[in-house]
Structure formats: structure tokens, C-alpha cells
Amino acid sequence: MREACQSANEDWLADRFEEHRAHLRAVAYRMLGSRNDAEDAVQEAWLRLSRSDSSDVNNLGGWLTTVVARIALDMLRSRTSRREDPVSEVPPAPSHNGTSVTQPEDAIMIADSLGPAMLVILETLSPAERIAFVLHDMFAVPFDEIAPIVGRSPAATRQLASRARHRVQGAGPAGTVERSRARRTVEAFLSASRDGDFGALLALLDPDVVLTADADAVRVGASEVRGSRAVAETFAGRARAAQLALINGQPGLVWASGGKARVVFGFTVAEDKITVIQLLANSATLNELDLVLLE
């Protein structure tokens with residue numbers, strides 16, 4: 001009798017999950033840009049649901065959306081290279097399922113127009129920006145519900161979504177190309193620095209390049225340096241422990257120790273020349289950054 005009741009409960013829970021599967025798949029796809037990854041995230045959400053006590057869950061759709069978002073965020077942060085699976089047709093997004101707020105008109109237009117070009121643009125966002133933008137602008141999830149997922153305050157989460165929205169609205173093929181060129185420049189800078197190739201460093205630096213440092217970086221030996229020769233001398237042979245990374249979606253470098261980022265190198269690149277290098281070592285500042293190591 002007990003086994004029969006348990007089986008009936010499992011069947012009931014499975015049926016409830018299937019009611020939300022299409023919505024969860026749409027959410028996961030927009031976050032991850034891959035059908036295979038989206039299916040994996042949805043399946044993992046089912047496994048977590050089946051292992052959890054859901055008797056006190058009043059809004060199963062909302063609970064599952066949060067679980068899928070957390071899974072997607074972990075998957076985005078763990079990526080170390082560009083996906084190899086091709087972009088395919090986007091699954092349709094229900095107007096609402098598991099959320100209590102109807103999508104605004106402009107968000108529906110963004111969701112409906114999501115295709116390969118939009119997915120390329122979304123790839124330029126940091127993981128937290130992408131999660132905040134997708135959940136709020138495409139699925140109308142309130143910021144106070146998104147904040148615990150990305151580990152920020154509601155105000156900071158609103159800023160993440162706003163920053164992502166501006167990038168999406170202002171991005172296009174040219175902007176994507178510029179970010180790709182900037183990444184190649186930073187990669188070349190890291191290689192030249194590791195090799196101590198002074199000439200290659202000079203070729204990558206703008207003649208008036210400026211190296212800045214926050215107070216914490218200064219305390220560990222950094223200083224403001226101006227001019228390509230001085231900056232090249234500063235970095236020649238001295239970035240062996242740095243790693244290529246995305247910093248809030250932009251290419252940069254990170255020096256980490258004990259599994260924690262200690263110094264972040266932010267770059268401003270214009271026409272394939274580095275014009276500004278910013279060293280950040282303040283722990284509070286670093287904690288607010290979305291860092292994704294690429295090597």
C-alpha cells in the first residue's frame with residue numbers, strides 16, 4: 001500500500017513537472033543558447049525536484065524557474081570555451097508559466113525576435129547579466145526574486161539587467177566584432193608579457209597608454225605608469241601567473257591564488273591598441289565582478 005501511494009505521488013509530481021517543461025526549456029535555452037545544454041538543465045531540475053520535499057512549495061513553476069536559473073548560472077560560469085554546437089531554432093516562449101507578472105510589450109518583442117544574432121549578442125554578457133536580463137526582461141521575474149540567484153541585492157540586480165539591456169539594444173555585428181578583436185589583443189598581450197617580448201608589447205600598446213591601480217593594488221607594489229615603453233617594461237616577463245578571463249563580459253586578465261581572484265586587469269582597447277590597463281585588487285570590488293576564466 002505504501003509503495004502504491006509513493007508511486008502515485010511520483011506520477012503526480014512527474015505530471016506537474018511536464019506542465020512546466022516547455023517554459024523551463026525556453027528559459028534555459030535563452031540563458032544557455034544551446035538546446036543540448038537547455039535539456040540538461042531541465043533534466044537536472046527534474047532530478048532536484050524528485051529528490052526534494054515539494055509539499056510546501058506553493059508556486060511550483062516559480063520554484064522550478066529559480067532552480068533552472070541557478071543551474072544555468074553554474075553552467076555559464078563553468079564554461080571555458082565557446083560552444084561548438086550550432087545555434088538552432090528557438091523554442092517558443094509561453095507568455096507566462098510559473099511567474100506572476102505578465103511580460104511587458106517590449107520584453108515580448110525581444111523574446112520573439114530572439115534568434116542566432118541575438119544569441120551571439122547574449123554571449124557577450126557576463127553570466128549574472130545574462131541571467132538577470134533573461135529572467136526579468138523576457139520572463140518578467142521580479143528583481144527581488146532574481147537577486148538571490150545571482151547573489152546580489154535587488155538594486156545591484158536591477159543594474160545588471162539595465163547594463164545588459166543597454167548592451168543588447170546597442171549591440172550588433174560590428175560591436176560583436178570589436179569585442180572579438182579586443183579579446184585577440186588581450187590574448188596577444190598576455191602571450192607577449194609571458195614571453196618577455198618587449199617589441200610585441202610595444203606594438204600592442206597605444207603610445208599614450210595609461211596603467212592605473214586602485215589603493216589595494218598600490219599597496220602590493222603596483223603604481224600608475226604612462227607611455228607605451230614604461231608600461232611594456234612593467235609587464236615584460238611578469239604576467240606568467242595571469243589567466244585570460246571575461247570580466248563583466250569583457251576580455252581581461254585575472255591573477256588568482258588559492259582559488260580566489262586577487263588582482264584583476266581590465267583593458268580598454270581601441271583599434272587593436274591598448275589605451276588603458278586598470279589593476280583592481282580591492283576585495284569588495286572584486287566580489288562585485290563577474291569573472292569567468294577562459295584558460
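In this predicted model, Arg21 is buried, with a relative accessible area of 18%. The cut-off explains the label, because a residue counts as buried when its relative accessible area is under 20%. The side chain of Arg21 meets that of Glu18 in a salt bridge, with 2.9 Å from N to O. Glu18, at 44% relative accessibility, counts as partly exposed. Both residues belong to helix α1 (residues 2-32), where they stand three residues apart, about one turn of the helix.

**Salt bridges**

Across the whole structure, a search finds eleven salt bridges. Glu39 is partly exposed, with a relative accessible area of 33%. Arg25 also counts as partly exposed, at 23% relative accessibility.

A further salt bridge is formed by Arg181 and Asp272, with 2.7 Å between the closest N and O atoms. Arg181 lies in helix α9 (residues 173-195) and Asp272 in the loop between β5 (260-270) and β6 (273-280), so the pair ties together parts that are 91 residues apart in sequence. Arg181 is partly exposed, with a relative accessible area of 25%, and Asp272 is partly exposed as well, with 34%.

| Salt bridge | Distance between N and O |
|---|---|
| Glu18 and Arg21 | 2.9 Å |
| Arg181 and Asp272 | 2.7 Å |

Salt bridges also link Glu44, Arg48 and Arg51 in a network.

**Helix α2**

At the start of α2, a side-chain oxygen of Ser34 comes to within 3.4 Å of the backbone nitrogen of Asn36.

**Helix α6**

Helix α6 (residues 127-138) has twelve residues, which should span 16 Å at 1.5 Å a residue; the C-alpha atoms at its ends are 16 Å apart, which agrees. This helix is mostly covered, as eleven of its twelve residues are buried. Among the buried residues are Ile131, Phe133, Val134, Leu135 and Met138. After α6 comes Ala140, whose phi is positive, near 55°.

Most residues other than glycine have a negative phi. The loop between β5 and β6 holds Glu271, which is not a glycine and yet has a positive phi of about 55°. Glu271 is exposed, with a relative accessible area of 71%. Asp272 lies in the loop between β5 and β6 too, and its phi is positive at about 65°, although Asp272 is not a glycine. Asp272 is the residue that forms the salt bridge with Arg181.

Ile149 lies in helix α7 (residues 143-150) and is buried, with a relative accessible area of 7%. Ile149 and Thr66 are 83 residues apart along the chain, while their C-alpha atoms are separated by 7.1 Å.

**The second largest pocket**

Rolling a probe the size of a water molecule over the atoms shows where empty space is left. The second largest pocket has a volume of about 400 Å³. Its lining is made up of 18 residues, of which Ala222, Phe235, Arg238, Phe265 and Leu279 lie nearest the centre of the pocket. Helix α12 (228-235) and strand β5 each supply at least two residues of this lining.

How values were computed:
Residues are numbered from 1 along each chain as its sequence is written. This is a predicted model: local features need pLDDT of at least 70, side-chain atom pairs count only at pLDDT 80 or more; totals for chains, interfaces and linings use all residues. Side-chain values use heavy atoms; hydrogens and water are left out. A polar contact is a pair of N or O atoms within 3.5 Å; within protein, one must be able to donate a hydrogen and the other to accept it, and residues adjacent in sequence count only if both atoms are side-chain atoms. Helices (H or I, at least four residues) and strands (E, at least two) are DSSP runs, numbered from the N terminus. A salt bridge is a side-chain nitrogen of Lys or Arg within 4 Å of a carboxyl oxygen of Asp or Glu. Buried means under 20% relative accessible area, exposed over 50%, partly exposed in between (1.4 Å probe, protein chains only). The expected span of a helix is 1.5 Å times one less than its number of residues. On a 1 Å grid over the protein atoms alone, a cavity is a set of points where a 1.4 Å probe fits but cannot get out, and a pocket is an open set with protein on both sides within 12 Å along at least five of seven lines; lining residues have an atom within 4 Å of a point. Grid points are joined across faces, edges and corners, and a volume is the space filled by probe spheres set on the points.
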